[in-house]
Amino acid sequence: MSTPNPVQMSVEGAPVSRHAEEAADIRDLDRQASPDARLSINQATIKHANLETALRVTAGAGVQSIGLWREPVNEVGLDVAARMLSDSGLRFSTHCRGGFFTLPEGPQRIAALDDNRRAIEETATLAAAGAEGSTAVLVLVAGGLPEGSRDLIGARERVRDAIGALASDAKAAAVTLAIEPLHPMYASDRAVVSTLGQALDIASDFEAEVVGAAVDTFHIWWDPQVLEQIARAGREGRIATYQVCDWKTPLPADVLLGRHYMGDGVIDFASLTEAVMRTGYDRDIEVEIFNADIWADAPENVVRRTAEAFTAAVSPHLR
């Protein structure tokens, strides 16, 4: 019986050690397992994790960027949150969220604008604390119809007016206000801005570095003009952030929680992602998922599963 030869021949005829082959296989597996460098975990995806846990599990999984939410940041205080972010070594991709601008004139509207000014300050501080490549982007959710109102047009104009009141604050802080259009099913209670075109129409009154748009696949995938509007957003330099997750029916009773891992639903990430890439967008790409079952899972599992889904559904369409 012949003795196994520890040296095999490569296709080109050169000897190749089996140990070298095994080492190459391990390196290939490591590359496959490493999260995409442009992936950012929006903190909503691991909603029940506090700030310390969110930073730890994100960095621990090899993900390089995170988008934060105001509530966990305010739980520890802005200065402490900034130090924690700096220590984590993660980039900062966005801050969620500002907005809710549709209230009529009065004390509540004044309070909302003041709260947005605090959010602008938070965004600037966290972006400065994040690793190189961090972006100072504050995501804005417009707000729904005020109680008893049916004036959708007037509500949208109040959004424009509120952003006008905040634009100088954002410019002074070098923060971009990213108007996020939400799916029309949220128009009554969360966002009277429902399409990317509407968001861009509002943003067009302001400098591109001050007011842009958030392109979130969950909210805009259905729009027959979405590719045209993504191209427009690129021409105008207004894509402040690109966020991804999937749409799957039936929707849950609370439609806010109907988001899924990429690849589990019906969204065509190829066409949307390639359209965004054609604009020259080169920032991090956030995964933002609201889903009770996903929130119930361990945050380490969620981050790992998110990275796998991103690699499969989004990464092939990046350049």
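This report covers a helix packing, the aromatic pairs and some backbone features of a predicted model.

## Basis

The model is predicted: local features need pLDDT of at least 70, side-chain atom pairs count only at pLDDT 80 or more, and totals for chains, interfaces and linings use all residues. Residues are numbered from 1 along each chain as its sequence is written, and side-chain values use heavy atoms, with hydrogens and water left out.

## Packing of α2 and α12

Helix α2 (residues 51–60) packs on helix α12 (residues 299–313) at about 45 degrees, and the axes are 9 Å apart. Helices (H or I, at least four residues) and strands (E, at least two) are DSSP runs, numbered from the N terminus. Axes are lines fitted to C-alpha atoms, for helices over the stretch in contact, with angles from 0 to 180 degrees between N-to-C directions. The angle makes α2 oblique to α12 (under 35 degrees is roughly parallel, over 145 roughly antiparallel, 65 to 115 roughly perpendicular, the rest oblique).

On α2 the contact (heavy atoms within 4.5 Å) involves T53, R56, V57 and T58, and on α12 P299, E300 and V303. The residues of this contact comprise three nonpolar, two polar and two charged (Ala, Val, Leu, Ile, Met, Phe, Trp, Tyr, Cys and Pro are nonpolar; Asp, Glu, Lys and Arg charged; the others, Gly among them, polar).

## Aromatic pairs

There are four aromatic pairs in the structure (rings of Phe, Tyr and Trp, the last by its six-membered ring, with centres within 6.5 Å; planes under 30 degrees apart are stacked, over 60 edge-to-face, the rest tilted). W221 and W247 form a tilted pair, because their ring centres are 5.6 Å apart and their planes are at 50 degrees. W221 lies in the loop between α8 (217–220) and α9 (226–235) and W247 in strand β10 (residues 246–247), so the pair ties together parts 26 residues apart in sequence.

W221 is partly exposed at 30% relative accessibility, while W247 is buried at 9% (buried is under 20% relative accessible area, exposed over 50%, partly exposed in between; 1.4 Å probe, protein chains only). Ring pairs also link W69, F290 and W295 into a cluster.

## Backbone features

The peptide bond between C96 and R97 is cis, with omega about 0 degrees; R97 is in strand β5 (residues 91–99). A cis bond also runs from T249 to P250, with omega near 0 degrees, and P250 is in the loop between β10 and β11 (259–260).

F100, a residue other than glycine, has a positive phi near 60 degrees. F100 is in the loop between β5 and α5 (107–129) and is partly exposed at 32% relative accessibility.
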